[in-house]
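Let's walk through this structure strand by strand, and then stop at a few residues along the way. Have the viewer open as you read.

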Amino acid sequence: MKRKVIIGILCLVIIGVIGSIGVRIYQGKKRAQERTEEAQKVETVQVKRQNLVDAISVTGTIESANAKDVSASAKDVKVLEVRYKVGDYVEKGEVVAVLDTANLELALTEAKNRQALSEYTENKSIQTASEQYEEAVTDGTDTYNKAVKSEGEAKEELQKADGEVSDAAERLKRREERLSEAREALREAVQPTEPNEEASEEEKKAYEEALLAYQELQRAVEEAQASYTEAHQEYNAAAEASEKALDAYETASEALEEAQKNNDRNISDAQDKLEQAQTEHTYSNDSSQQTIENYQEQIDSCTVTAPISGVITAMNVDVGDTYMGEGNALFSIADKEHFLVSASVDEYEISKIAKEMTAAVIVEALGDTEMEAKVSFVSPTAASSNTGSSEYKIEIALDKANTDLRIGMTAKASIVRDAVYDVLTVPYDCVDTKEDGSKVIYKEQDGERVEVPVVVGMESDYYVEIAAERIDENTQVYYTTPMTNNAANTNEMRSIEGGAFGGPDRGPRGF
């Protein structure tokens, strides 16, 4: 029993000793780690001169920059020849396929014959309408000229009759005045009284003289009356003649107006018929010519040539097939030297991409060589997507020809949104913002921490462009918060790999 107790006590002592040693070892390791971490604290970093780039990375597929589906305007024609197969290289202009033109050539001949017959018939119609127009102009001119002459003569007769009425009126007025004067003189005269038998010879002689004078006045009245009556009759006759002349003039004027209307109407009708015949000829000829040109175009299209130099990527017909017409490609051809990257960009990034943006392309199957490129197309509408957000198609054209590329290869492209070259940079953790919004860095000078105002430019994932006085690539600047050596190295490496330029003399790296 005592032995067991002694053994138990010994075990407890051993455990206590081991525990005490473990605590001391743990505390020693902790103090060593703290000393190591303190030693690894990084407070400063050297200003670096480099290029910065802000880029969007996309993954896409290599496609030909110039690919075409080739069809013919002919339809329902037999395929007579197919001279190339898929994979063959064809120069631009070389004949790839030949289609049967027999039926088209027959239809072309019939169309030309119809056009010739129609041309003859329509030319005859134009000739007839032209002759009728000339006749209408000639006849209308003669009738009009006669009406003008008649109207002129009637007008002269009216003017003459009006003159005669005026003259007759003047004569009638004068004779009326003489009649009035004669009647007044007769009224003023006293008819003499015949003397009796006892009157003397002198009285009888005076009576006879007075009687003769009185009778002379009576004859003067009678003559004036007769002259007035004659003048009145002449005036009436002249007035009647003037009225007839006026009627004749009005009739001639109406005839002239009617002749003018008939002349204009007849000429207009004849001109309309001539223009109609000419228009029908033009339209008919245009239609016939269009039909002929369509047949000729179809015949020409039956000799199918390569529109570009490239590789046949699809051949859709064989000899003996019936080609159904446009909308059905005979074959497809693609340029094998000039390529583009076809990719999709989600709705959150598409607004940042525009045509002509510079890009760098890497095709992993060919190594890590960057190929210069530019954005050549940005779709204005979204394509269907299974990711829940809309995607937009873009195309990035390679600047230079490349015979090593193949359609369908996977490519990665980095689209440069912004870039600055050969600038001074510091990690963004070195830039401090004052209460007034101004930016400063703290440089190391003779072991002292000196504040320096800076202007901040472009930022990358880790670095920021700065401009300040008395700062160059040999300047050491402080982190706003000290960093461990491993963290600083890791961040710097991530920044370089994530989109910084390779150096002052290199282009942008986006991978």
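Two strands count as paired if DSSP finds at least two bridges between them. The strands themselves are DSSP runs of E with at least two residues, while helices are runs of H or I with at least four residues, and both are numbered from the N terminus. Before we start, keep in mind that this is a predicted model, where local features need pLDDT of at least 70, side-chain atom pairs count only at pLDDT 80 or more, and totals for chains, interfaces and linings use all residues. Residues are numbered from 1 along each chain as its sequence is written, and side-chain values use heavy atoms, with hydrogens and water left out.

Start with β6 and β7, which run antiparallel and are joined by three bridges. Val95 faces Thr305 of β7 across that pairing. On to β4: it pairs with β6, again in the antiparallel sense and over three bridges, with Val82 opposite Ala97 in β6. Strand β4 (residues 77-82) also pairs with strand β9 (residues 322-323), antiparallel over two bridges, and here Lys78 sits opposite Thr322.

What is the phi of Asp76? It is near 55 degrees, a positive value in a residue other than glycine. Asp76 is in the loop between β3 and β4. As background, most residues other than glycine have a negative phi.

Glu94 is the next stop, in the loop between β5 and β6 (95-99). For exposure, buried means under 20% relative accessible area, exposed over 50%, and partly exposed in between, using a 1.4 Å probe and protein chains only. Glu94 comes out as partly exposed because its relative accessibility is 29%. If contact is taken as heavy atoms within 4.5 Å, then Glu94 is in contact with Tyr84, Val304, Thr305 and Ala306, leaving aside its neighbours within four places in sequence. With Tyr84 there is also a side-chain to side-chain polar contact of 2.7 Å. A polar contact here is a pair of N or O atoms within 3.5 Å; within protein, one must be able to donate a hydrogen and the other to accept it, and residues adjacent in sequence count only if both atoms are side-chain atoms. The C-alpha atoms of Glu94 and Arg83, eleven residues apart along the chain, are 9.7 Å apart.

There is another open sheet of four strands, ordered β3-β10-β8-β5 and paired antiparallel. At its edges stand β3 (67-70) and β5 (89-90), each with a single partner strand, so one side of each lacks a neighbour in the sheet. Within it, strand β8 (residues 310-315) and strand β10 (residues 331-334) run antiparallel and are joined by four bridges. Ile312 has Ile333 in β10 as its bridge partner.

Now look at Asp335, in the loop between β10 and β11 (339-346). The side chain of Asp335 does make a polar contact with the side chain of His338, at 2.9 Å. Not counting residues up to four places away in sequence, Asp335 touches Ser64, Asn66, Ile308, Ser309 and Gly310.

Strand β16 (residues 432-433) and β17 run antiparallel, joined by two bridges, and Thr433 partners Lys439 in β17. Five residues lie between these two strands in their hairpin, and Gly437 in the turn has a positive phi of about 90 degrees. β17 then pairs antiparallel with β18 over seven bridges, and Val440 has Pro453 in β18 as its bridge partner. This hairpin has two residues between the strands, and Asp446 takes a positive phi near 55 degrees there. Asp446 counts as exposed because its relative accessibility is 74%.
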